[in-house]
There are 2 protein chains.
Amino acid sequence: MKVALLAHEKFPTRAKTALGVLRYGTDDVVAVLDRDNAGTTVSEFVPDVQEAPIVAGMDNLEADAVDALYIGISPIGGEFDESWRDDVRTALEDGCDVISGLHYFLSEDDEFASLAAANDCELWDVRKPDNDLAVADGVAGDVDADVILTVGTDCSVGKMTTTMELARDAREAGYDAAVVPTGQTGIMIEGWGNPIDRVVADFAAGAVEEMVTEIGDEYDYLFVEGQGSIAHPAYSGVTCSILHGAMPDKLVLCHRAGQEVIHGYESFALPPLPTYIDLYEQLAAPVCNAEVVAGALNTSDLDSDDAAADAVDAYGDTLGIPTTDVIRFETDHVLENLL
Amino acid sequence: MKVALLAHEKFPTRAKTALGVLRYGTDDVVAVLDRDNAGTTVSEFVPDVQEAPIVAGMDNLEADAVDALYIGISPIGGEFDESWRDDVRTALEDGCDVISGLHYFLSEDDEFASLAAANDCELWDVRKPDNDLAVADGVAGDVDADVILTVGTDCSVGKMTTTMELARDAREAGYDAAVVPTGQTGIMIEGWGNPIDRVVADFAAGAVEEMVTEIGDEYDYLFVEGQGSIAHPAYSGVTCSILHGAMPDKLVLCHRAGQEVIHGYESFALPPLPTYIDLYEQLAAPVCNAEVVAGALNTSDLDSDDAAADAVDAYGDTLGIPTTDVIRFETDHVLENLL
């Protein structure tokens with residue numbers, strides 16, 4: 001599929017979804033829309049992802065140049081920025097689907113809904129859960145695939161990136177692996193998935209189970225994208241639902257180097273790292289035998305590779321398992337423990 | 001408030017909500033509607049609750065006899081039974097509010113919505129969450145009240161009943177105690193509350209926190225109604241959200257005598273009872289210091305009081321804390337550990 005990624009004024013550092021699609025997606029990115037950087041290209045900002053021109057808006061593309069427009073940014077609050085309306089309108093008039101991870105549902109916007117109907121194209125709000133979700137049956141453990149889940153010491157420590165990198169490296173090494181996406185960016189990269197944090201609490205585990213059982217007999221390995229942290233004052237319920245809904249065999253503990261308190265909840269100290277292993281394994285135990293067998297450290301705050309390598313080594317020594325930074329270093333020794 | 005309780009063909013054993021309102025509610029129950037038992041009274045079936053006549057329908061009551069009609073039963077699936085329509089219609093025509101815990105929302109039924117508007121009365125669907133819920137801030141621990149949460153080895157082991165009984169006994173002993181209801185029956189008994197299992201997963205802890213902080217400075221003790229179980233394959237996320245959202249000081253572990261597997265998920269064995277104590281306390285620890293200090297055993301499956309007393313003693317020996325059956329026996333020694 002040929003796609004355009006809307007990332008006005010935010011590319012690349014504040015355009016997590018656009019960057020994720022460029023890095024991990026299988027779609028052909030025809031252009032990134034960023035009016036602040038029109039005339040440049042993606043590789044001028046990010047060297048190791050798919051190359052694409054950056055243009056000012058949909059008007060700069062031929063009418064049949066793309067099949068879909070992705071809203072590749074998600075501002076705090078998830079609101080729709082009216083300065084994007086022309087691009088979405090043009091896309092729909094050109095017959096493009098529009099895919100969005102915003103809290104603001106494009107499918108409930110009167111103008112967009114009318115245009116989509118008139119031009120026979122789809123408005124997909126990935127944060128809008130399916131209406132047919134149900135309570136978990138406790139059967140995710142029955143699938144043929146080995147299920148590997150990323151878990152974290154906090155939100156935003158790299159669970160999505162770790163999931164995507166490990167799955168890609170596993171596939172490149174010849175393993176039959178797929179990703180089970182549970183959040184908006186993962187869903188937009190993979191083109192399917194349930195946004196677990198938006199699901200009614202009773203159905204959260206069921207929404208994960210539905211995905212695992214849907215594809216679990218078609219692959220040898222599933223990498224399930226985790227959310228939140230079991231130690232998080234607000235989001236631990238989502239984490240717990242994914243842990244029990246996915247019934248994983250193996251866990252990868254993700255952490256940000258140097259972080260000592262819950263982000264945004266600074267009065268809550270992170271428990272010691274080995275405590276996380278105990279918490280995740282013991283909480284899983286009544287439902288499934290899941291073991292933390294690898295660690296992923298996010299060293300993006302460390303400038304030097306030497307300091308990053310030292311931090312990864314120290315993380316591994318503390319946990320007693322193989323560790324890496326999936327962006328900065330190799331993943332071979334970590335995958336050995338997972339596959 | 002004068003209320004009628006709809007419980008057609010289900011009173012008393014399959015009318016959990018009606019029985020809860022009769023037993024714990026502060027409303028004056030004018031009548032129970034049960035066409036199968038019309039002409040009898042509540043005390044012929046249940047000795048130790050509020051007395052009321054049982055009638056065939058709303059037509060048997062004077063137009064100004066009641067202020068509100070409660071739907072006091074909740075069939076599997078939570079559907080509305082069309083044989084109840086005449087009663088709801090009559091209630092609304094008489095200007096009564098109607099309060100329902102069904103999945104089927106009466107406020108979205110065209111006839112009922114029109115009648116409620118025309119007669120200026122309220123349709124309250126207690127399973128419909130507020131639209132203004134938000135993410136937890138991690139501040140429930142700051143309230144003046146000591147927060148006591150009931151937790152369980154499974155669903156339907158007596159957490160709601162334990163919460164209500166302990167709060168009532170505490171108040172009768174002179175303590176300033178209130179209930180924080182989190183499920184449909186508790187909400188209907190107390191007349192307020194958030195149905196946590198119906199809340200979007202991201203806001204589940206926040207919905208508990210909102211309730212605890214709303215009344216937590218007005219009382220010395222809050223008894224928070226727990227839901228599900230941390231070991232449940234489907235509902236553990238709800239349990240975890242309540243544990244971290246309420247930030248309790250003390251926990252009461254509820255269990256059904258003799259139960260060995262998760263109800264409806266019989267391939268999942270309950271962990272050993274002391275493991276539950278470890279699980280709940282260790283999972284709470286990153287967010288709050290909560291200790292399991294008492295146990296409540298549901299002995300309703302045991303016929304003899306002697307066998308029940310033995311089971312309660314054995315439960316206490318296993319856990320190493322004071323235990324009781326809150327319906328069958330005294331709660332004094334348990335309350336001593338809580339207040």
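How many of the seven residues of strand 10 of chain A are buried? The points below answer this and go on to the rest of the model.

1. **Ground rules.** This is a predicted model, in which local features need pLDDT of at least 70 and side-chain atom pairs count only at pLDDT 80 or more, while totals for chains, interfaces and linings use all residues. Residues are numbered from 1 along each chain as its sequence is written, and chains are lettered from A and ligands numbered from 1 in the order in which they are written.

2. **Strand 10 of chain A.** Five of the seven residues in this strand (residues 250–256) are buried, leaving the strand mostly covered. Buried means that 20 or more other C-beta atoms lie within 10 Å of the residue's own; exposed means 12 or fewer, and partly exposed is in between, with C-beta atoms placed from the backbone. Strands (E, at least two residues) and helices (H or I, at least four) are DSSP runs, numbered from the N terminus.

3. **Its two partners.** Strand 10 of chain A runs parallel to strand 7 (residues 146–152) of chain A, joined by five bridges. Here A:L251 in strand 10 has A:L149 opposite. Strand 10 also pairs with strand 13 (residues 291–298) of chain A, again in the parallel sense, over seven bridges. There A:V252 faces A:A294 of strand 13. Strands count as paired if DSSP finds at least two bridges between them.

4. **The sheet of chain A.** Six strands of chain A make an open sheet, in the order 8-9-7-10-13-14, with parallel pairing. Strand 8 (177–180) and strand 14 (323–324) of chain A are at the edges with a single partner strand each, so one side of each has no neighbour in the sheet. Strand 8 of chain A is joined to strand 9 (residues 221–224) of chain A by four bridges, and the two run parallel. A:V180 has A:V224 of strand 9 as its bridge partner.

5. **Helices on that sheet.** Helix 4 of chain A packs on the sheet and touches strands 7, 8, 9, 10 and 13 of chain A; its direction is at about 165° to that of strand 8 of chain A. Helix 9 (residues 305–319) of chain A also packs on the sheet, touching strands 10, 13 and 14 of chain A, with a direction at about 160° to that of strand 13 of chain A. Axes are lines fitted to C-alpha atoms, for helices over the stretch in contact, and angles run from 0 to 180 degrees between N-to-C directions.

6. **Two domains in chain A.** The assignment gives domain 1 (2–125) and domain 2 (140–338) in chain A. Such bounds come from an automatic or database domain assignment. Taken over C-alpha atoms, the centres of domain 1 and domain 2 of chain A are 28 Å apart. Ten residues of domain 1 of chain A are in contact with six residues of domain 2 of chain A. Contact means that the C-beta atoms of two residues, placed from the backbone, lie within 7 Å.

7. **Helix 1 of chain A.** On the domain 1 side of that boundary, helix 1 (residues 16–24) of chain A supplies the largest share, five residues. Helix 1 of chain A is mostly covered, with eight of its nine residues buried. Among the buried ones are A:L19, A:L22 and A:Y24. Buried residues of this helix pack against strand 1 (2–6), strand 2 (28–33), strand 4 (68–71), helix 4 (159–172) and helix 5 (184–190) of chain A.

8. **Where the chains meet.** 31 residues of chain A are in contact with 31 residues of chain B. Helix 7 of chain A gives the most to the chain A side, with six residues. That side divides into 21 nonpolar, seven polar and three charged residues. Ala, Val, Leu, Ile, Met, Phe, Trp, Tyr, Cys and Pro count as nonpolar, Asp, Glu, Lys and Arg as charged, and the others, Gly among them, as polar.

9. **Chain B.** Six strands of chain B form an open sheet with parallel pairing, in the order 8-9-7-10-13-14. In helix 4 of chain B, 10 of the 14 residues are buried, so the helix is largely enclosed by the rest of the structure. B:M160 and B:L166 are among the buried residues. After helix 4 of chain B comes B:G174, with a positive phi near 100°.
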